[in-house]
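Let's take a walk through this fold, starting with the overall layout and then zooming in on strands and helices. Have your viewer ready.

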Amino acid sequence: MADALAHPLPGHVIAFANEKGGVGKSTLAFHTAVALARAGHRVVAIDLDRRQSTLESSFAAREGTARVVGVDLPMPMHAVLNRHCAAQLQQEVARLDARADYVVLDAPGADCPIFRRAVALAHTLVTPINPSFVDLQVIGRIDPVSGRPGPASAFGRTVAALREERRGRELAPLDWIVAKNRVRSCERRQIDRIDSALSALAGHHEFRVACGLSERVAFRELFQFGLTHLDLPQLPDMARASRTTTAEIEELIDDLLGADRRGPGRSRRAAATPVRTSGRARAAYREALAAATGAVSPCA
Ligand SMILES: Nc1ncnc2c1ncn2[C@@H]1O[C@H](COP(=O)(O)OP(=O)(O)OP(=O)(O)O)[C@@H](O)[C@H]1O
Ligand SMILES: [Mg+2]
């Protein structure tokens, strides 16, 4: 991994990585990048999963929303990485914003060279998991009877090796955070068991645990418009923000970055220039957005 560390990135690098697919890496990466941009930071977000390009598509949708609705949404600089090498990643970030405060990397859900590069370059590594013992096993073994932590899994070993390499080079230590995602309040007893297992594993494998996000239809529905709940106050005639959901996102960012994330307070605005759209296009958009957010109002 000498190659990756020889090509450092500017700013604070936050990588979202888990060898397991579908756990919420892109969803959390998107919410984090938007929250940081809203706080006024210079943010570069790179999608390392060019096959799915989920993160990149959500930013494309966000630009579309900004244009059609004519609203000035804070926008991270963003791109999908087409060639998977550390030098290319470094060039792409420099092209977008060499003075970035934060670089958000969304890794593919499988071990591969670019996945390892993302982990190697990270100051903060965020591993979302769904609250299930199957997901825990991806980090480290845990005895189902005694609850004692066992050896690290393949992914846990990858993180440990890259961490060691950072130490050897006297780079800032890696802050590894495991964030629960898609937590359902109705599964409280199961979540308590997961929490005890997580805290046992955390001490053993040196990671912190973040609350993460609940299971909410809103996270899926708004994603297709490139929006988060943090954006909804900018669209008062189209959608209603839920205070609980907004607080949950803010708590997640606090868990990941602490007070560090509080930015200069002046949001950097969308690169997409708002254009005049027909009343009909705007009305259709409003209807679609209302259907999406209206459908989720009971548990948004
Ligand atoms: N907190 C949540 N509440 C509801 N749905 C969610 C939540 N988090 C993620 N999802 C949904 O779960 C699915 C997987 O999420 P996402 O694409 O972010 O995962 P991923 O880890 O990036 O997947 P992949 O490994 O395929 O890249 C998506 O349909 C997403 O909308
Ligand atoms: Mg993804």
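Predicted model: local features only at pLDDT ≥ 70, side-chain atom pairs only at ≥ 80, totals over all residues.

Residues are numbered from 1 along each chain as its sequence is written, chains are lettered from A and ligands numbered from 1 in the order in which they are written, and side-chain values use heavy atoms, with hydrogens and water left out.

Of its 300 residues, 52% count as buried, where buried means under 20% relative accessible area, exposed over 50%, and partly exposed in between, using a 1.4 Å probe and protein chains only. Among contacts between residues at least 6 apart in sequence, 80% join residues at least 24 apart (contact means heavy atoms within 4.5 Å).

Now for the sheet. Strands of a sheet pair through backbone hydrogen bonds, either parallel or antiparallel. Here 7 strands form an open sheet with parallel pairing, in the order β3-β2-β4-β1-β5-β8-β9; two strands pair if DSSP finds at least two bridges between them. At the edges sit β3 (77-80) and β9, each pairing on one side only. From one strand to the next, the twist averages 20 degrees.

Look at β8 (residues 175-183): 7 of its 9 residues are buried, so the rest of the structure largely encloses this strand. It pairs in the parallel sense with β5 (residues 124-129) over 6 bridges, and T127 stands opposite V178 in β8. Another 5 bridges join β8 to β9 (residues 208-214), also running parallel, with S214 in β9 as the bridge partner of V183. To get from β8 to β9, the chain passes through helix α8 (residues 188-205), and this β-α-β crossover is right-handed: with the strands pointing away from the viewer, the path from the first strand over the helix to the second runs clockwise.

Elsewhere in the sheet, β2 (residues 43-47) and β4 (residues 102-106) pair in the parallel sense over 5 bridges, and D47 has D106 in β4 as its bridge partner. Helix α3 lies across β2, β3 and β4, running at about 130 degrees to β2. Axes are lines fitted to C-alpha atoms, for helices over the stretch in contact, and angles run from 0 to 180 degrees between N-to-C directions.

On to helix packing. Helix α2 (residues 25-38) packs against α3 (residues 54-69) at an angle of about 45 degrees, with the axes 9 Å apart. That makes α2 oblique to α3 (under 35 degrees counts as roughly parallel, over 145 as roughly antiparallel, 65 to 115 as roughly perpendicular and the rest as oblique). Residues meeting there include F30 and V34 in α2, and L55 and F59 in α3.

Finally, R282 lies in helix α11 (residues 279-296). At 24% relative accessibility, R282 counts as partly exposed. The C-alpha atoms of R282 and V69 are 6.0 Å apart, although 213 residues separate them along the chain.

Notes:
Helix = DSSP H or I, 4+ residues; strand = E, 2+ residues; numbered from the N terminus.
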